[in-house]
Amino acid sequence: MKVLVPQGYPAIKLKKFFVTDDPWLSEPETTRSNLPPSFSATIYKGMNHDLNYLSDEDAERHFAEDGKNEDRIYSSLPLVIKSWLREELIKMGGEESTIAILEAYLAALNRGIVNASVEK
């Protein structure tokens, strides 16, 4: 807890414990495109219910301006535990069960994203 709270991650905010496993996120902002090649407006709006009223163009604009910095789901690429959190849980020792629970949650969420993208 000593590590998580200063990082802004009390238990109630664990919805932000993951990130999309996308190489685009590692590219320098000054050289990468506004939208990742994997961006899907359908997935972005479907997985972020506060945005489902947006047109596809507005969803793209929202992601380019705000969503990329909000760890929002935007593609069918897999979601993974943020590396700093995984490292801290490992350092704390005995946290394998916590990592397993988080990974099981992400596996279910990833299946849901893939299924939603196929259905549309």
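**Salt bridges, cores and exposure in a predicted model**

Student: Glu29 and Lys68 form a salt bridge, with their closest N and O atoms 3.8 Å apart. What makes this pair a salt bridge?

Tutor: The term needs a side-chain nitrogen of Lys or Arg within 4 Å of a carboxyl oxygen of Asp or Glu. The N and O atoms of Lys68 and Glu29 are 3.8 Å apart, so the pair meets the cut-off of 4 Å.

Student: What do these values rest on?

Tutor: This is a predicted model: local features need pLDDT of at least 70, side-chain atom pairs count only at pLDDT 80 or more, and totals for chains, interfaces and linings use all residues. Residues are numbered from 1 along each chain as its sequence is written, and side-chain values use heavy atoms, with hydrogens and water left out.

Student: Why is Glu29 called exposed, and Lys68 partly exposed?

Tutor: Buried means under 20% relative accessible area, exposed over 50%, partly exposed in between (1.4 Å probe, protein chains only). Glu29 has 53%, so Glu29 counts as exposed. Lys68 has 22%, so Lys68 counts as partly exposed.

Student: How many salt bridges does the whole structure hold?

Tutor: A search finds 10. Two of them involve Arg61: one with Glu57 at 3.1 Å, N to O, and one with Asp58 at 2.5 Å.

Student: Why can such side chains pair at all?

Tutor: Opposite charges can pair when the charged atoms come close.

Student: What makes a set of residues a nonpolar core?

Tutor: The members are buried Ala, Val, Leu, Ile, Met, Phe, Trp, Tyr and Cys residues, joined through side-chain atoms within 4.5 Å. The largest such core here has 13 residues. Those with the most contacts inside it include Phe17, Ile73 and Leu109. Strand S2 (79-81), helix H3 (83-92) and helix H4 (96-119) each give two or more residues. H4 gives the most, with five. Another core lies apart, with nine residues, among them Phe39 and Tyr44.

Student: What does Leu106 touch?

Tutor: Contact means heavy atoms within 4.5 Å. Leaving aside neighbours within four places in sequence, Leu106 is in contact with Phe17, Phe18, Leu79, Val80 and Ile81.

Student: What makes the phi of Asp71 stand out?

Tutor: Most residues other than glycine have a negative phi. Asp71 is not a glycine, yet its phi is positive, about 55 degrees. Asp71 lies in the loop between helix H2 (56-65) and S2. At 27%, Asp71 counts as partly exposed.

Student: How far is Val114 from Ser76?

Tutor: They are 38 residues apart in sequence and 5.7 Å apart in space, C-alpha to C-alpha. Val114 lies in helix H4 and, at 36%, is partly exposed.

How values were computed
Helices (H or I, at least four residues) and strands (E, at least two) are DSSP runs, numbered from the N terminus.
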